[in-house]
Amino acid sequence: MVSRVIPVDPFDLVIFGGTGDLARRKILPGLYRRFVAGQMPEDARIIGAARGEMDQAGYQAFVGEAIAEFISEKKRDAETVAAFLERLNYTPIDARGEGGWDALAKMVRKEAITAFYFSVGPGLFGDIATRLHKHKIATPESRIVVEKPFGRDLESAKALNAVLAESFDEHQIYRIDHYLGKETVQNLMAVRFANVLFEPLWNAQYIDHVQITVAETVSVGGRGGYYDKSGAMRDMIQNHLMQLLCLTAMEPPSKFDPDAVRDEKLKVIRALDAVPTENIVRGQYGADGDGPSYVEDSEDPESRTESFIAMKVDISNWRWKGTPFYLRTGKRLKARMSEIVVHFKETPHSIFDEDAGSHANILSIRLQPDEGMDLRVTIKEPGPGGMRLVDVPLDMTFADALGPEAADVPDAYERLIMDVIRGNQTLFMRGDEVEAAWAWTDPIIEGWITRGDKPKTYDPGSSGPEDALMLLHRDGRRWREISA
Ligand code: NAD
């Protein structure tokens, strides 16, 4: 299979925080990969803007090192890397003061597409937006890319939306959630809306329940102070898992267009029920030989912030009434794995005898580690000896079906950055969506703060607290194994 790469128009991309961790690990290596793929036009330019003096050569060296670290050797011959580095420039900037803005204004071309990536702490988003406007660096067609976290509650999200709106129109604002840039997440929409096979069954009548898991093996070590003010609910559920839930649960949009898709996602968020206490399990990892406990990492022995959360979420609409969505995410778990699993119901009546057992179809959509989909179907076990049933996977791993090139899918960040340049907001969150997500999240958090709930301790390398298993057991269901 030959991959189709459509070059984008000439652009100037300014990365505020161009020397930070995210820029180094994701944004710049991602841009390099798009360059190698031939997607960057001749005169596309990338400008790093951050705190600290550095000249163009210094920044090129910095980015060269990032490429050496994050790009495999066979994709970075010296000539290609040098050609990419030619596109780079740097300018020091003070987001909170006036230093550096005039110099940036001189560097940015007005005739090209201009995009400004806010890869800095959230406290600077408003400052940068305001100064881009004040110094007339942005045009009415410029785009800004805003990283997470987008607020820490409804009030702060509204305030941030308001401050951005003073300088930019909603069509210019790209609130990034890199989960939406994953190949499989978009494939979920293709599977649902480009096949007649699934959509008639995609409802409470045929789907028993849905599980969404984002499991990490890492601890919060190193950024415990930041994380302690956030927790799994704010850091993961309100944005990433919520987005996955929306794409799974939404009605078919009338077309694959940014506002049509985002309108449908918004309706799902607004249909989410409040979550009662008994449907929430929060946890904190304990210590083991490999590392300290959560409270040691957070440096607050009294911390009640959750490093794990599992919850049962109900959606009050015709399609989903009676079909729960179980969400689960945490740190220091057994394996690094993100997946959406759709458990269909058993057949209404089995014509086979009891030995055949009970069977149900399962569609799993895996975001990581190996992006792909798999549908479990029940067939007859081959051979003599009567009708024995067995579940087998219809594996839709891209590489097997479409050739090895298909496995080499672009990273979420690079895909999303190219969408920004193209002016396509479909895979970005709209302001009202983010606010609706906080409006659902806030009372849940307030609930456990008011009650003074303490998270349960769980063993590092496990699947989370025992109570999280019980959350499904009591409904006669079971979590999928967390495995890499
Ligand atoms: P970082 O601390 O590594 O880098 C911060 C960058 O901002 C540096 O380049 C620094 O020079 C610049 N900066 C800081 N203060 C400045 C100021 N006053 N004026 C101008 N520049 C200033 O942070 P990071 O990890 O790269 O994260 C950046 C953003 O991306 C944050 O909002 C973070 O929440 C988000 N994010 C990061 C990751 C990640 O993996 N690192 C993942 C998801 C989201």
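The model is predicted, so local features need pLDDT of at least 70, side-chain atom pairs count only at pLDDT 80 or more, and totals for chains, interfaces and linings use all residues. Residues are numbered from 1 along each chain as its sequence is written, and side-chain values use heavy atoms, with hydrogens and water left out.

Aromatic contacts come first. Rings of Phe, Tyr and Trp (its six-membered ring) count as a pair if their centres lie within 6.5 Å. Planes under 30 degrees apart make a pair stacked, those over 60 make it edge-to-face, and the rest are tilted. A search of the whole structure finds 16 aromatic pairs. One of them joins Phe 16 and Phe 116. Their ring centres are 6.3 Å apart and their planes stand at 25 degrees, so this pair is stacked. Helices (H or I, at least four residues) and strands (E, at least two) are DSSP runs, numbered from the N terminus. Phe 16 belongs to strand β1 (residues 11-16) and Phe 116 to strand β4 (residues 113-118), so the pair ties together parts that are 100 residues apart in sequence. Both Phe 16 and Phe 116 are buried. Buried means under 20% relative accessible area, exposed means over 50%, and partly exposed lies in between (1.4 Å probe, protein chains only).

A further pair joins Tyr 285 and Tyr 458. Here the ring centres are 6.4 Å apart and the planes stand at 75 degrees, so the pair is edge-to-face. Tyr 285 lies in strand β8 (residues 280-285) and Tyr 458 in strand β15 (residues 456-458), so the pair ties together parts that are 173 residues apart in sequence. Tyr 285 has 2% relative accessibility and counts as buried. Tyr 458 is also buried, at 2% relative accessibility.

Phe 16, Trp 101, Phe 116, Phe 118 and Phe 125 form one aromatic cluster. Another ring, that of Tyr 179, has Lys 182 over its face, at 5.9 Å from the ring centre. A charge sits over a ring if NZ of Lys or CZ of Arg is within 6 Å of the ring centre and within 35 degrees of the ring normal.

The ligand is surrounded by 22 residues, each with a heavy atom within 4 Å of it. The closest are Thr 19, Asp 21, Leu 22, Arg 25 and Val 120. Helix α1 (residues 21-36) gives the largest share of this shell, three residues. By class, the shell has 10 nonpolar, six polar and six charged residues. Ala, Val, Leu, Ile, Met, Phe, Trp, Tyr, Cys and Pro count as nonpolar, Asp, Glu, Lys and Arg as charged, and the others, Gly among them, as polar.

A polar contact is a pair of N or O atoms within 3.5 Å. A polar backbone atom of Gly 20 is 3.1 Å from an oxygen atom of the ligand. For Arg 51, a backbone N or O atom lies 3.1 Å from a ligand oxygen atom. For Ala 95, a backbone N or O atom lies 2.9 Å from a ligand nitrogen atom. The protein covers 75% of the 830 Å² of accessible area that the ligand has on its own. Accessible areas come from the Shrake-Rupley method with a 1.4 Å probe.

Backbone geometry follows. Most residues other than glycine have a negative phi, and most peptide bonds are trans. The bond from Lys 148 to Pro 149 is cis, with omega near 0 degrees. Pro 149 sits in the loop between β5 (143-146) and α6 (154-167). Gln 368 and Pro 369 are also joined by a cis peptide bond, with omega about 10 degrees. Pro 369 lies in the loop between β12 (360-368) and β13 (372-380).

Lys 136 has a positive phi, near 55 degrees. This residue is found in the loop between α5 (125-134) and β5. Lys 136 is exposed, with a relative accessible area of 62%. Glu 299 has a positive phi of about 60 degrees. Glu 299 lies in the loop between α11 (294-298) and β9 (308-313) and is exposed, at 70% relative accessible area.

Finally, sequence and space can be set side by side. Val 108 and Gln 284 are 176 residues apart in sequence and 47 Å apart in space, C-alpha to C-alpha. Pro 258 and Thr 426 are 168 residues apart along the chain, and their C-alpha atoms are separated by 3.8 Å.

Terms used
Polar contact = N/O pair within 3.5 Å; in protein donor to acceptor, adjacent residues only side chain to side chain.
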